[in-house]
Amino acid sequence: MKKDLGTKPFILPMPVLIIGSYNEDGSADAMNAAWGTLCEMDTVALYLSEGHKTVANIRARKAFTVAIADEANMISSDYVGLVSARTESRKIDKSGFTVSKSNHVDAPVIDELPLTLECALDYIDEKSGCVYGKIVNVIADEKVLDESGNVDLNKLNPISYDPASRSYFTMGKKVGKAFNVGAVLK
């Protein structure tokens, strides 16, 4: 029997995204965002409240990075979601993250996170607060790539956020080939 749960944010798993931007003084900032997705092949949508320093930074610089948080960097990734750059000027240093300048957009790349989307601001929907960015480039550490040069989820070991339990989870094992396993029903 199924049970009504009401209105809940249960499109799962929700990726844990670390959004990188530069502050007005040129220092790097990062925030943890669970409310983000792809909305087109080359466009990300991030639902960020206007009060975040990151939104002001993105408006000013017209660029940001989106890194996929992984289990190895879970503590640092969680920390940048707990602390605001508005009140902690040493947020990046205290997180343990180091950064490099993106080669493609005016935003920092977090060196420890192995997969990063470099994005140019497309627009911000003023009603929803959604930040839309065009993916200009994707960079990946070779250690998370398979023999064909594609990202291997088992090597990346991304974490996801469960809003019901307010917990992080890792991905499970591969269970089938998409757009293939259902062919037995044709």
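Student: Where is Val16 found?

Tutor: Val16 lies in the loop between β1 (14-15) and β2. Helices (H or I, at least four residues) and strands (E, at least two) are DSSP runs, numbered from the N terminus. This is a predicted model, in which local features need pLDDT of at least 70 and side-chain atom pairs count only at pLDDT 80 or more, while totals for chains, interfaces and linings use all residues. Residues are numbered from 1 along each chain as its sequence is written, and side-chain values use heavy atoms, with hydrogens and water left out.

Student: How do you know whether Val16 is buried or exposed?

Tutor: Buried means under 20% relative accessible area, exposed over 50%, and partly exposed in between (1.4 Å probe, protein chains only). The relative accessible area of Val16 is 1%, so Val16 is buried.

Student: Which residues is Val16 in contact with, leaving aside its neighbours within four places in sequence?

Tutor: Contact means heavy atoms within 4.5 Å. The partners of Val16, beyond those neighbours, are Asn32, Ala33, Ala67, Ile68, Ala69, Ile159, Ser160, Tyr161 and Tyr168. Val16 and Ser77, in turn, are 61 residues apart in sequence and 8.3 Å apart in space, C-alpha to C-alpha.

Student: What makes a set of residues a nonpolar core?

Tutor: The members are buried Ala, Val, Leu, Ile, Met, Phe, Trp, Tyr and Cys residues, joined through side-chain atoms within 4.5 Å. The largest such core here has 21 residues, of which Ile19, Leu46, Leu48, Phe64, Val66 and Val131 touch the most other members. Two or more residues each come from β2, β3, β5 (43-47), α1, β6, β9 and β10, and β9 gives the largest share, five residues. A second, separate core has 16 residues, including Ile18, Ala34, Ala69 and Ile110.

Student: Which residues of helix α1 are buried, and what do they pack against?

Tutor: In α1 (residues 53-61), the buried residues are Lys53, Thr54, Val55, Asn57 and Ile58. They pack against β2 (17-22), β3 (28-33), β6 (63-68), β9 (115-124) and β10 (130-140).

Student: Why is the pair of Tyr123 and Tyr132 called stacked?

Tutor: Rings of Phe, Tyr and Trp (its six-membered ring) pair if their centres lie within 6.5 Å; planes under 30 degrees apart count as stacked, over 60 as edge-to-face and the rest as tilted. The centres of the Tyr123 and Tyr132 rings are 4.6 Å apart and their planes are at 20 degrees, so this pair is stacked.

Student: What makes Tyr123 and Tyr132 count as buried, partly exposed or exposed?

Tutor: Tyr123 has 41% relative accessibility and therefore counts as partly exposed, whereas Tyr132, at 15%, counts as buried.
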